Amino acid sequence: MLFFACRKYPDTSQLSTNFVVQTSREPGANFSSYKTYYISDTIASITTNPNDSLWFGADATQLVKAVKDNMDARGYTRVTGNHENPDLGLGLTVLKDLNLGVVYPGWWWGYWGGCYWGYCGYPPYYPWYGGGIVYTVPTGTLVLDMIDLKNAAANEKLYVPWGSVMSGGLGNTSNDIQLGVDAINQAFTQSPYVQTN
């Protein structure tokens, strides 16, 4: 007597594709001491393509605009270039990669308990004669750094009073840019101390 079993693949379409947002604040940072900021209209891009260095265009503009809107709402004034000596420099970087994996189911797909042929607590092992299951996960991380330019010369170093790392499925859905904008907004939401007033 032969037994066959089928297993449906789980529906992963309902998993969240929202970014995980982390922020960090340098202890003792006085955000009210800064009044002006500068951010480039391009985003530094680090991918598996060695020719990538900058990301620009409509998508990049939306992400940069989200940073500008949040900084403006917090009372900071944007300047158009470094020649205007901004107090803060903001840098936005995207790290994008495509992770590829293969899962080989092995001998057995699940455990349902009980005794089998006199061995209790151990699952039966039936060989799986299928191939591996290949999956890809596009990942993207946005990094936003706030750099103190006001005191850089006096300190002889660049001080980063605040930063955010936003990790998600960049390149996974058609609304990734909106998810990136939401992540930037969340970074500022969870950092109410970033304000000039």
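Biologist: Which residue forms a salt bridge with Lys68?

Modeller: Keep in mind that this is a predicted model. A salt bridge needs a Lys or Arg side-chain nitrogen within 4 Å of an Asp or Glu carboxyl oxygen. The closest N and O atoms of this pair are 2.8 Å apart. The partner of Lys68 is Asp41.

Biologist: How many residues apart are Lys68 and Asp41?

Modeller: Lys68 sits in helix 1, residues 58-73. Asp41 lies in the loop between strand 2 (36-39) and strand 3 (43-46). The pair therefore links distant parts of the chain. The separation is 27 residues.

Biologist: Is Lys68 buried or exposed?

Modeller: Buried means under 20% relative accessible area. Lys68 has 15%, so Lys68 falls under that cut-off. Lys68 is buried.

Biologist: And how does Asp41 count by relative accessibility?

Modeller: Partly exposed covers the range between the buried cut-off of under 20% and the exposed one of over 50%. Asp41 has 47% relative accessibility. Asp41 therefore counts as partly exposed.

Biologist: How many salt bridges does the structure hold?

Modeller: Lys68 with Asp41 is one of them. Lys65 also forms a salt bridge with Asp69, with the closest N and O atoms 2.7 Å apart. The number of salt bridges is two.

Biologist: About how many helical turns separate Lys65 and Asp69?

Modeller: Both residues belong to helix 1. They are four residues apart there, which means a separation of about one helical turn.

Biologist: What relative accessibility does each of Lys65 and Asp69 have?

Modeller: Lys65 counts as partly exposed, at 46%. Asp69 also counts as partly exposed. Its relative accessibility is 38%.

Biologist: Is helix 1 roughly parallel or roughly antiparallel to helix 3?

Modeller: The axes of helix 1 and helix 3 (residues 176-189) come within 9 Å and cross at roughly 20°. Angles under 35 degrees count as roughly parallel. So helix 1 and helix 3 are roughly parallel.

Biologist: How many residues of the contact of helix 1 with helix 3 are nonpolar?

Modeller: Helix 1 brings residues including Leu63, Ala66, Val67 and Met71. Helix 3 brings Ile177, Val181, Ile184 and Phe188, among others. The contact also has four polar residues and one charged. The nonpolar residues number eight.

Methods. Residues numbered from 1 in each chain as written. Predicted model: local features only at pLDDT ≥ 70, side-chain atom pairs only at ≥ 80, totals over all residues. Heavy atoms only, no water. Helix = DSSP H or I, 4+ residues; strand = E, 2+ residues; numbered from the N terminus. Buried < 20%, exposed > 50% of the residue type's maximum accessible area, 1.4 Å probe, protein only. Axes fitted to C-alpha atoms, helices over the stretch in contact; angles between N-to-C directions. Parallel < 35°, antiparallel > 145°, perpendicular 65-115°, else oblique. Contact = heavy atoms within 4.5 Å. Nonpolar A, V, L, I, M, F, W, Y, C, P; charged D, E, K, R; others polar.
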